[in-house]
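This note is meant for a colleague who is meeting the structure for the first time. The points below may be read beside the sequence and the model.

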Amino acid sequence: MKHKSLAALTTAGLVAGLLQVSAIPAAAAPAPEGVYRGDLSTGSRYVVDVPADWNGKLLLNSLGYIGGPPGGEATSGPGGAARTWLLEQGYAMASMKPTTNGWAVEDFLEEQPEVYEKAVEILGQEPVATIAWGSSMGGLISAALAERHPEIIDGALPMCASVAGGVGMLNSGLDGAFVFKTLLAPENDTIELVNLTNESASTAAARSVLDAAQATPEGRARVAFAAAVANIPGWSQSGQPRPADDDYVAQQAQQASQVMFSIFSPRTPLEARAGGNFSWNTGVDYSEQLTKSGMRHQVEALYEMAGLDLDADLAALAAAPRITADASAVQYMLRNATPTGNISQPVLTLLESGDTAPVVTQAEAYADAVAAAGRSDLLRQAFVDRPGHCGYSAAETLAALDALVERIDSGSWPDTSAAALDARAQAIQDGAPALNLGVADFADLDVNDFARPYYPRETVSTTGTLPDGTRYSALIPANWNGKAGVFAGATGFTSASYQWLAEQGVAMVGYQLSGDWDLARDRDNATASYDVLSTLAGAYPSATFQSGQSQGGLTTRIVAQAAPDWLDGALPMCGGGAGAISMWNYKLDSAFVLKTLVDPSSPMTITRIQNASAENAAATALVDTARETPLGQARLVFAAAMSKIPVLDAQADEIEGLENRIDAYGQSMAFALGIGVRAGFEATVGGGFSWNNDVDYREQLLASGRIDEVRAAYARAGADLEADLNTLQAAPRITADKDVVEHVERLATFDGDLSIPVVTLHTIGDTAGTTADDDAYRRTVERAGASDMLRETTVKANGHCAFSHAERVAAFDLLLDRIDSDEFDPAEPADLNARAAALASQTALDLGTSRFMSPADLTPAREWDVRNWGTYSPESPVPAGPTVTTEGAEVLLGDAATVTLESFTTGGAYELWLAPNGPKIADVTVDVNGSAQVDATIPDSLDVLPREVVNAFCGC
């Protein structure tokens, strides 16, 4: 750290202050007067100039844009008379020459602190004050060093510097180039604005267009428009007189002379460093930009002279496709560099009115940023009223430096008006009559606004409406890392898991879901939200994931299939894995069993619901009726089996005891049926999308995995399960609307062909949809050959979407790492619990604990995916199945018996199976009369009903 207790340098008059220095505390003697060079740890060269009588101050110089080959020796500061004066006054000077060339901002920001340490070593002690200064790119670096290294920098003098930062400066240049190309050469593909592949050819093509444009009034007007939005001043050509305020033609001629230098400045080296394009114009209104420039009157006058329609050109610009940036490249340029304005030491900027790289209006942008940070008392700005880039006289440079030194020493700003700075420069010259320092010509300027300011942001938190009127919320953290999350159903980002994402630098946008399960709208609003976030951020994210829970989880799975062009990953939570058809079909099965067996006269319609409240009341009445008697309770257990409704206690352990489980089924049944949601979805899609006209409930009961419990409940009630199965088989069935089914298939069922990674999150105790839904999704993905894109995670918790923040954060982190690395980290429960614990230990946020576990492998109920699309027919009869009889008695498990099969609808060859998933018992040949007889043994290892057989693989 710097030694901060040295006595301050005092001044007594303009010249006396230059000569009077405070005593330097005793320390190691500085090296003798001379120039000291060496290598930094990076290989860059450094230089330290030691004066004969050091005044305790160090000038840390940063170079401008480095042309030519990389490497070479460093230059400590200005040469000529200015250098002589500085050394005579006792200033030590240091600088470096990086191993790279071009936009070497990153090199200087990382390595100048080491140059400072080298200077301290050579000088024998820490300076009483260190001033960062430089011209052009070096001035920008100086402003950034002041913000990043206040421990070593006591003041900064950025001269002719892009103090609006690289992002704002290059966005402004892009605006000019975009207007130029759109209005003058829209079909010329050789002119590349960003992501340049051949910059020399692009520049030559732009030069040719410019030359041709300057030959016509129309072309000159449009060139002026391009120059205006880039803030190129009308007096910008060195050696030329200032045009009159109303001499728009002369102003345009000077602007045109700077177009190639200012608008089409080299981008290729910068894009190579940044790893992509860092400029954008999404959301830019060029009519507004023209007004901001302060040059609208000039452009309007030139358009009128040329007989052009400015409104037509503005409309063409508004309609032209916009350019987006790579968020990671933007972040690079923000770091290297865009000052924030959050300064902690005095800064004096020096700019020329007619400079075009940077334009003088950058001073206003920087002043605004400093004001926004509440640091205006630390900033002063000085101007020279002439065209040119960094063409200051030695007198002007030294006067600005001297004023800054006085502020550092005294703690108060001296007069920095143009007259005072001119007087200070003259006093410096008078004090050094042997030196020719030139003439100072400072000016007090009223600077226009910079057209495209962009600084590292404070956290942006905002709300608004999407194009369809849906509300959204957006949060872009100050440390945005380029990644973004789109959250279906999120209306704010205050919870700990969202705050954790913000800590990581992830931007977020959430949007309200439709109240009527309008999944197409929810799907499309994901893209609309992504576009809104990109506009707010000023760049498309480098990586984007979608997430949501419940309806938002199903929406997320839909978006994962529908929007891989902008989506890089998805995290659906507690929703929709089996797809909408399957989910609502098995819910129908539960409702159908409940109504048919408990009270067929119930007003519950099950599908095509007209009154959700009445339907809920009818369902609740059915459940209440069922709970009143042992037989009703058995039937309630049967209905629950169709949806595989879980029954867990508060610790997410299976509830023991049939009576306790029956009570739990009764409590959760109405919610599990999802009546209100079905009603809204039916209204949205225009009809019924669920059916059971082809369902065999014997098969469904076996596939449920709950047959033992159903048998036990029926035995407890002394009831006949076979009779109820026959009742269900004979009951009138429900059909769907074929066109509606096909619509829902396309909208909300899955093909499994994932092109982006998906991580799912589910609780084992979710009564709205069990982990069997995730099994269905996994099977679909496996059949599509995309298993490497999927990781399914399960939490031991009861309830719908009942995740801790630690569990959500672990899932987010797993997905984000997969997006970054293209490989999934281990995702077994122990791995995920360890990940959650590690993440929780690294934040002050209360994330809770995690309970990842391996779920039971469940057979999905009523699967319906891409294999089934287009196969539904309302005319399909309920399969009667073969009538199975034995020698006059029921077959017991393990018994061997002769089984007679009758009532096939046609003859042919069949395979006899005990269940839809096997095992096969025998091959059967059915005669033309539809009957057959076969010897079959029902193994005692199978938990099946004796009559549960299906015919398959017909070879008719």
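1. Is cysteine 160 buried or exposed? Cysteine 160 has a relative accessible area of 0%, and buried means under 20%, so this residue is buried. The coordinates under review are those of a predicted model, and the value should be read accordingly.

2. The overall composition may be stated briefly. The protein chain holds 31 helices and 24 strands. Of its 956 residues, 58% are buried. Among contacts in the chain with a separation of 6 or more, 77% are between residues 24 or more positions apart.

3. The partner of cysteine 160 is cysteine 390, and the two form a disulfide with an S to S distance of 2.1 Å. A disulfide is a covalent bond between the sulfur atoms of two cysteines. Cysteine 160 belongs to the loop between strand E6 (155–159) and H5, whereas cysteine 390 belongs to the loop between strand E8 (379–387) and helix H15 (394–410); the pair links distant parts of the chain, 230 residues apart. The torsion about the S-S bond is about 110°, and the disulfide is therefore right-handed. In contrast to the buried cysteine 160, cysteine 390 is partly exposed, at a relative accessible area of 24%.

4. How many disulfides does a search of the whole structure find? The search returns 2. Besides the pair already described, cysteine 574 and cysteine 801 are joined, with their sulfur atoms 2.0 Å apart. This link is right-handed, with 100° about the S-S bond.

5. The largest cavity has a volume of about 90 Å³. It is lined by 13 residues, and those closest to its centre are Glu192, Leu193, Phe264, Ser265 and Arg267. Helix H5 (165–184) and helix H6 (199–213) are the elements that give two or more residues to this lining. By class, the lining of the largest cavity has 6 nonpolar, 4 polar and 3 charged residues.

6. Which residues lie nearest the centre of the second largest pocket? They are Pro233, Gly234, Arg242, Met295 and Asn448, out of 25 lining residues. The space in this pocket is about 680 Å³. Two or more lining residues come from each of H8, helix H11 (296–306) and strand E7 (347–354), and H8 gives the most, with 3 residues. The lining of the second largest pocket divides into 9 nonpolar, 12 polar and 4 charged residues.

7. Serine 236 is placed in the loop between helix H7 (217–229) and helix H8 (248–262). Its relative accessibility is 3%, and the residue therefore counts as buried. A polar atom of the serine 236 side chain lies 3.3 Å from the backbone oxygen of proline 233, a residue that is also among those nearest the centre of the second largest pocket. Leaving aside residues up to four places away in sequence, serine 236 touches Gln254, Gln255, Gln258, Gly354, Thr356, Pro387 and Gly388.

8. Where is aspartate 774 placed? This residue belongs to helix H29 (residues 772–783). Aspartate 774 is a charged residue and is buried, with a relative accessible area of 4%. With residues up to four places away in sequence not counted, aspartate 774 touches Arg557, Thr760, His762 and Glu792.

9. Alanine 274 lies in helix H9 (residues 268–274). Its relative accessible area is 9%, and the residue is buried. The C-alpha atom of alanine 274 is separated by 4.7 Å from that of alanine 329, although the two residues are 55 residues apart along the chain. Apart from residues up to four places away in sequence, alanine 274 touches Ser328, Ala329, Tyr332 and Met333.

Technical notes: Residues numbered from 1 in each chain as written. Predicted model: local features only at pLDDT ≥ 70, side-chain atom pairs only at ≥ 80, totals over all residues. Heavy atoms only, no water. 1 Å grid on protein atoms, 1.4 Å probe; cavity = no way out; pocket = protein on both sides within 12 Å on 5 of 7 lines; lining within 4 Å. Points joined across faces, edges and corners; volume = space filled by probe spheres on them. Helix = DSSP H or I, 4+ residues; strand = E, 2+ residues; numbered from the N terminus. Disulfide = S-S within 2.5 Å. Buried < 20%, exposed > 50% of the residue type's maximum accessible area, 1.4 Å probe, protein only. Polar contact = N/O pair within 3.5 Å; in protein donor to acceptor, adjacent residues only side chain to side chain. Contact = heavy atoms within 4.5 Å.
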